[in-house]
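Here is a guided walk through one protein model.

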Amino acid sequence: MLHEIIDKYYLDKEKDRGRKPQKHFYISQAGKCPRHIFFKFKNVPEKELEPHILRLFEHGDHMHQLIMSALTSTRDVHIVASEVEIPPQELVSGRADAVISDGNQLYVLDIKSMNSIVFRSMEEPKPENVQQLQLYLYYFKISKGILLYVNKDNLQLKEYIFNYDSKKVETLINGMMLLRKQIDTNIIPKRLTSYPSDWQCRYCQYKSVCSMGAPDEMKWNDFKEKIQSR
Ligand code: SF4
């Protein structure tokens with residue numbers, strides 16, 4: 001009984017959020033498959049997320065609150081701002097978890113939570129998380145950032161400190177500008193070269209749509225007809 005009630009609560013909440021076409025990039029999409037982002041902009045119907053995945057997202061938010069609560073209570077660091085929006089501009093929007101200070105230096109803090117299997121097997125920070133953090137450093141004009149990983153199953157932590165990397169940021173911004181051009185000219189980007197074994201493809205809500213197309217770039221107007229006639 002409760003199982004169905006709770007599942008319905010999460011599914012209804014997700015439906016209420018509505019599905020609107022994306023208008024600009026989010027920093028959290030750094031390192032994500034360009035074709036996936038293209039489909040978001042074009043409001044291609046996504047496979048519905050299962051209720052347990054929606055609960056996992058909410059659980060991740062609780063991990064953030066737990067860490068922020070500890071940081072707020074200590075005197076060893078000072079939280080300058082939390083949930084900080086990057087300065088508004090046309091290309092991308094995003095909100096960093098916090099900007100903190102140790103008394104000498106400002107750091108952008110980004111908190112990521114994951115299960116034990118991923119946490120234990122992770123020998124270095126995930127490239128997409130590093131890319132996201134680098135964009136925060138660029139937009140906040142702060143030279144250092146911290147990626148803090150939380151194991152959701154046993155609350156162990158792993159921490160990585162980074163310096164701003166202008167070359168990495170230039171590549172990221174050029175990539176976003178190219179994708180913006182593809183979106184505006186209705187050219188669907190090619191699939192990831194590691195399709196379908198890439199982890200992004202395994203969890204992609206557009207996997208079945210993507211499989212209907214070719215691996216290379218495609219014209220959106222032709223492909224849209226194919227999806228609609230499905
Ligand atoms: S299935 Fe893979 S290549 Fe296709 S849109 Fe999704 S992430 Fe990209």
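Leu 133 touches Val 108, Asp 110, Gly 145, Leu 147 and Phe 162, leaving out residues up to four places away in sequence; two residues count as in contact if their C-beta atoms, placed from the backbone, lie within 7 Å. Before going on, note that this is a predicted model: local features need pLDDT of at least 70, side-chain atom pairs count only at pLDDT 80 or more, and totals for chains, interfaces and linings use all residues. Residues are numbered from 1 along each chain as its sequence is written.

Is Leu 133 buried or exposed? Leu 133 is buried, with 27 other C-beta atoms within 10 Å. Here a residue is buried if 20 or more other C-beta atoms lie within 10 Å of its own, exposed if 12 or fewer, and partly exposed in between, with C-beta atoms placed from the backbone. Leu 133 and Ala 30 are 103 residues apart in sequence, yet their C-alpha atoms are 9.2 Å apart in space.

Leu 133 belongs to helix 5. Helices (H or I, at least four residues) and strands (E, at least two) are DSSP runs, numbered from the N terminus. Helix 5 has 14 residues and reaches 20 Å from its first C-alpha to its last, close to the 20 Å expected at 1.5 Å a residue; the expected span is 1.5 Å times one less than the number of residues. Of those 14 residues, 10 are buried, so helix 5 is largely enclosed by the rest of the structure. The buried residues pack against strand 4, strand 5, strand 6, strand 7 (157-163) and helix 6. Just after helix 5, Lys 141 takes a positive phi of about 55°.

Now compare helix 1 (residues 2-17), whose 16 residues should span 22 Å and whose end C-alpha atoms are 23 Å apart, which agrees. The number of its residues that are buried is zero, so helix 1 lies largely in the open.

Next, look inside. The largest nonpolar core has 22 residues, and those with the most contacts inside it are Val 108, Leu 109, Leu 133, Leu 135, Tyr 136 and Leu 148. Such a core is a set of buried Ala, Val, Leu, Ile, Met, Phe, Trp, Tyr and Cys residues joined through C-beta atoms within 7 Å. Helix 5 gives the most to this core, with seven residues. Apart from this core lies another, of 12 residues, among them Cys 33, Val 209, Cys 210 and Met 218.

Stepping back, the chain is divided into domain 1 (18-48 + 186-230) and domain 2 (49-181), with bounds from an automatic or database domain assignment. Their C-alpha centres lie 25 Å apart. The contact between them takes 12 residues from domain 1 and 16 residues from domain 2.

Finally, find the ligand. Which residues are the closest to it? Of the 13 residues that surround the ligand, the closest are Cys 33, Arg 191, Cys 201, Cys 204 and Cys 210; a residue is near a molecule if its C-beta atom, placed from the backbone, lies within 6 Å of it. Helix 2 (34-41), helix 7 (199-202) and helix 8 (207-211) each supply at least two residues of this shell.
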